[in-house]
Amino acid sequence: ISSTGSLKAIVKETTLRIEKDLIQRALTSTGGNVTRAAKLLKISRNALQNKMNEYGLLEPSEPGTQPVG
């Protein structure tokens, strides 16, 4: 945690880090199955795919991508 950041910035950064970690864990526990991971996270598949794009977590089935995790 940065001593120069505002509380708002620290909370946002921490929330994003936790969100990314939860998405990675859900994808790992479902063997990379995005539909099942979305159900675990209680969000739509589309919302999960958007978050995956935002965090650079690409689906392993896409050409030229690396497995999630």
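Helices (H or I, at least four residues) and strands (E, at least two) are DSSP runs, numbered from the N terminus. In these terms, K42 sits in the loop between α2 and α3, and T30 in the loop between α1 and α2.

The model is a predicted one, in which local features need pLDDT of at least 70, side-chain atom pairs count only at pLDDT 80 or more, and totals for chains, interfaces and linings use all residues. Residues are numbered from 1 along each chain as its sequence is written, and side-chain values use heavy atoms, with hydrogens and water left out.

A residue is called buried under 20% relative accessible area, exposed over 50%, and partly exposed in between (1.4 Å probe, protein chains only). In α2, which spans residues 34-41, the buried residues are V34, A37 and A38. Seen down the axis of α2, they fall within an arc of 100 degrees, so they line one face of the helix. The arc is that of the directions from the helix axis to the C-beta atoms. An α-helix has 3.6 residues a turn, so residues three or four places apart point the same way. On the face of α2 turned away from the buried side are the exposed residues K39 and L40.

In α3, L48, M52 and Y55 are buried. Their arc around the axis is only 75 degrees, which puts them on the same side of α3.

The buried residues of α2 pack against α1 (7-29) and α3 (45-55), and those of α3 pack against α1 and α2. Contact here means heavy atoms within 4.5 Å.

**Loop residues and helix ends**

T30 is buried, with a relative accessible area of 7%. Leaving aside neighbours within four places in sequence, T30 is in contact with R36, A37 and L40.

The table gives polar contacts, each a pair of N or O atoms within 3.5 Å; within protein, one must be able to donate a hydrogen and the other to accept it, and residues adjacent in sequence count only if both atoms are side-chain atoms.

| Side chain | Backbone atom | Distance |
|---|---|---|
| T30, polar atom | A26, oxygen | 3.0 Å |
| T30 | L27, oxygen | 3.3 Å |
| N33, oxygen | T35, nitrogen | within 3.1 Å |

The N33 contact is at the start of α2. Just after α2 comes K42, with a positive phi of about 60 degrees. Most residues other than glycine have a negative phi. K42 counts as exposed, at 74% relative accessibility. After α3 comes G56, whose phi is also positive, near 75 degrees.
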